[in-house]
Amino acid sequence: MLKLKDIKIVESKKELEALPEGKLLINTINAHSYNTALKDVFFAEALMKGDALIPDGASIVMACRKLKAKSQPTERIAGWDLFAMEMERLNQKGGTCFFMGSSEKVLKLIREKTKTVYPNIRIETYSPPYKPEFSEEENRAIIEAINRANPDLLWIGMTAPKQEKWAYRHWDELDIHCHCGTIGAVFDFFAGTMERAPLWWQEHSLEWLYRLLKEPKRMWRRYIIGNTLFIWNIFREMRLANQGLKH
């Protein structure tokens, strides 16, 4: 069972920047993924056994503090922060970035925007079938496309928990030498098909509320029910931890 108190979480952007080069799987954790991982054992394993886990939510930062967790992140690190850092670093030296996920429309916008924003990066993309599970042949085609490109940076964007589980399940089959990040909505943010919250909302830990106000029908369950459930789950973990101390 996933316990926020015990898992290793990247504590600052400085620590994130210091991650070594080479093949690394970088995931994010927020209130939604924490709730989901409590019910999905394989997803919990994917999060805990990746190479780095970043706190993509002020709720995670505050919960770690309340739980007196092993990791004490000092700041929220959004998937966008990971994306911007890695893309800027690659643009400085030049190389190939592979985007796996999303629609062909979004990927086309990404390819076009990269030419302007990150001119030294060559883009390769793959839009997988829109379905809950891929067939063996479909998985093989995705893996072969990534390996053939031999990227210097790999992004997986299929929403949680699908993206994390896919990357973890096929990690040994990916013959890559680079960082791989599972970053979901960042594909749409960069492409411009989804608007990210303005800076004020981000700085005041209200990006979730901005998304809820923009897309209430799609996001109400995740943020209204999900955030309430997250608070309940954290208090439950605190209670269980205290019971363990007493025994």
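Thr28 stands opposite Ile54 in strand S2. Strand S1 (residues 24-29) and S2 pair in the parallel sense over four bridges. Two strands pair if DSSP finds at least two bridges between them. Strands (E, at least two residues) and helices (H or I, at least four) are DSSP runs, numbered from the N terminus.

This is a predicted model, in which local features need pLDDT of at least 70, side-chain atom pairs count only at pLDDT 80 or more, and totals for chains, interfaces and linings use all residues. Residues are numbered from 1 along each chain as its sequence is written, and side-chain values use heavy atoms, with hydrogens and water left out.

**Sheet**

- Six strands form an open sheet in the order S2-S1-S6-S5-S3-S4, with parallel pairing.
- Strand S2 (52-55) and strand S4 (121-126) are the edge strands, and each pairs on one side only.
- From one strand to the next, the twist averages 20°. Axes are lines fitted to C-alpha atoms, for helices over the stretch in contact, and angles run from 0 to 180 degrees between N-to-C directions.
- Strand S3 (residues 95-101) and strand S5 (residues 153-157) run parallel and are joined by five bridges.
- Phe99 has Trp155 in S5 as its bridge partner.
- S3 and S4 also pair in the parallel sense, over six bridges. Gly95 stands opposite Ile121 in S4.

**Burial in the strands**

- S3 is mostly covered, with seven of its seven residues buried. Buried means under 20% relative accessible area, exposed means over 50%, and partly exposed lies in between (1.4 Å probe, protein chains only).
- In a regular strand the side chains alternate between the two faces of the sheet.
- S2 is covered on both faces. Ala52 and Ile54 are buried on one side, and Leu53 and Pro55 are buried on the other.

**Ile29**

- Ile29 is found in strand S1. Ile29 counts as buried because its relative accessibility is 0%.
- Not counting residues up to four places away in sequence, Ile29 touches Leu4, Ile7, Ile9, Tyr34, Leu53, Ile54, Pro55, Asp56, Gly57 and Ile60. Contact means heavy atoms within 4.5 Å.
- Ile29 and Leu47 are 18 residues apart in sequence. Their C-alpha atoms are 7.8 Å apart in space.

**Helix packing**

- Two packed helices are described by the angle between their axes and the distance between the axes.
- Helix H2 (residues 31-39) and helix H3 (residues 41-48) pack at an angle of about 125°, with their axes 6 Å apart. That makes H2 oblique to H3. Angles under 35 degrees count as roughly parallel, over 145 as roughly antiparallel, 65 to 115 as roughly perpendicular and the rest as oblique.
- The crossing of H2 and H3 is left-handed. A crossing is left-handed if the near helix is turned anticlockwise from the far one by less than a right angle, and right-handed if clockwise.
- H2 brings Ser33, Thr36, Ala37 and Lys39 to meet Val41, Phe43, Ala44 and Leu47 of H3. The residues of this H2 contact with H3 divide into five nonpolar, two polar and one charged. Ala, Val, Leu, Ile, Met, Phe, Trp, Tyr, Cys and Pro count as nonpolar, Asp, Glu, Lys and Arg as charged, and the others, Gly among them, as polar.
- H3 and H8 have axes that come within 9 Å and cross at roughly 70°. H3 and H8 are therefore roughly perpendicular to each other.
- H3 passes H8 in a left-handed crossing. Phe42, Phe43, Glu45, Ala46 and Leu47 of H3 make the contact with Glu164, Lys165, Tyr168 and Arg169 of H8. The residues of the contact of H3 with H8 divide into five nonpolar, no polar and four charged.

**Backbone exceptions**

- Most residues other than glycine have a negative phi, and most peptide bonds are trans.
- The peptide bond from Ala160 to Pro161 is cis, with omega near 5°. Pro161 sits in the loop between S5 and helix H8 (162-169).
- Thr159 has a positive phi, near 70°. This residue is found in the loop between S5 and H8. Thr159 is exposed, with a relative accessible area of 51%.
- Asn150 has a positive phi too, near 45°. Asn150 lies in the loop between helix H7 (136-149) and S5. Asn150 counts as partly exposed, at 42% relative accessibility.
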